[in-house]
Amino acid sequence: MGKGFCSLIFSALLVPGFAQAAGDSVVSDSQGVPVDPVIAAFERAKAQQDWAGAAAVARVAVARAPDNAEYHNRYAFALRKGPKPDMDLVFKHYREALRLQPEHRGAHEYIGEAYLMVGDPVRAKEHLAVLDRLCLFGCEEYDDLKKAVAAYEAKQR
């Protein structure tokens, strides 16, 4: 993680209101739409595939706002994408995201992908079924997990 990125993380964490729920932050984009500084810092790290940096941002966010499902989801995502993911920790945070927000489509997609990583397509399909119910007219999360399940099954043949 570069020196500039560390400064960015710490600056984002010092923004007043940082620990509030997404959408309540004081930072705005170019159209004046409120932006959560944690999500913004996470997305910058993600764009660089700096999974350690993204995980650091999300880990601090989870500690400061443990009732924020999106922070748990993003923390688990960054951990899962890293070089040696602690899958117990990944599942812990996806489950917490879903406990806090049972209809969180992103968490359902990503936990399904995590189950495929550990060779459990049955549980991945359970989350695909939930997405099928949540996405009445279809959604990207359903489509992505469906493709991941199909690719996993094709490799198993």
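Me: Let's just pick a spot. Where is A107 found?
Reply: A107 is in helix 6. Helices here are DSSP runs of H or I with at least four residues, strands are E runs of at least two, and both are numbered from the N terminus. Before we go on, this is a predicted model, where local features need pLDDT of at least 70, side-chain atom pairs count only at pLDDT 80 or more, and totals for chains, interfaces and linings use all residues. Residues are numbered from 1 along each chain as its sequence is written, and side-chain values use heavy atoms, with hydrogens and water left out.

Me: Good to know. Is A107 buried or exposed?
Reply: Buried, with a relative accessible area of 0%. The cut-offs, using a 1.4 Å probe on protein chains only, are under 20% for buried, over 50% for exposed and partly exposed in between.

Me: And what is A107 in contact with, leaving aside neighbours within four places in sequence?
Reply: N73, Y94, A97 and L98. Contact means heavy atoms within 4.5 Å. There's also R95: its C-alpha is 8.2 Å from that of A107, and the two are 12 residues apart in sequence.

Me: OK, so how do helix 5 and helix 6 sit, in terms of their axes?
Reply: Helix 5 covers residues 87-100 and helix 6 covers 105-117; their axes come within 10 Å and cross at roughly 155°. That makes the two helices roughly antiparallel, the label for angles over 145 degrees. The axes are lines fitted to C-alpha atoms over the stretch in contact, and angles run from 0 to 180 degrees between N-to-C directions.

Me: Which residues meet there?
Reply: From helix 5 you have M87, V90, F91, Y94, R95, A97 and L98, and from helix 6 there's A107, H108, Y110, I111, A114, Y115 and M117. Sorted by class, the residues of that contact are 12 nonpolar, 1 polar and 1 charged. Nonpolar covers Ala, Val, Leu, Ile, Met, Phe, Trp, Tyr, Cys and Pro, charged covers Asp, Glu, Lys and Arg, and the others, Gly among them, are polar.

Me: Let me zoom out. How many helices and strands does the protein have?
Reply: 8 helices and 2 strands. Starting at the N terminus, the order is α-β-β-α-α-α-α-α-α-α.

Me: And what share of the residues is buried?
Reply: 45% of the 157 residues. If you look at contacts with a separation of 6 or more, 52% of them are between residues 24 or more positions apart.

Me: New topic: rings. How many aromatic pairs are there?
Reply: The structure holds 4. One of them is W51 with F77, edge-to-face at 5.7 Å centre to centre and 70° between the planes. W51 is in helix 3 (residues 51-64) and F77 in helix 4 (residues 69-81), so this pair ties together parts 26 residues apart in sequence. For Phe, Tyr and Trp (its six-membered ring), a pair needs centres within 6.5 Å; planes under 30 degrees apart are stacked, over 60 edge-to-face and the rest tilted.

Me: Which residues do the ring pairs link into a cluster?
Reply: W51, F77, Y94 and Y110. W51 and F77 are both buried.

Me: Then how do the axes of helix 3 and helix 4 cross?
Reply: At roughly 150°, coming within 8 Å. That makes this pair roughly antiparallel too. Helix 3 brings W51, A54, A55, A58, R59, A61 and V62, while helix 4 brings Y71, H72, R74, Y75, F77, A78, L79 and K81. That contact has 11 nonpolar, 1 polar and 3 charged residues.

Me: Last one: at what angle do helix 7 and helix 8 pack?
Reply: About 155°, with the axes 9 Å apart; helix 7 is residues 121-134 and helix 8 is 140-156. That makes helix 7 roughly antiparallel to helix 8. By class, this contact has 8 nonpolar, 1 polar and 5 charged residues.

Terms used:
Angles under 35 degrees count as roughly parallel, over 145 as roughly antiparallel, 65 to 115 as roughly perpendicular and the rest as oblique.
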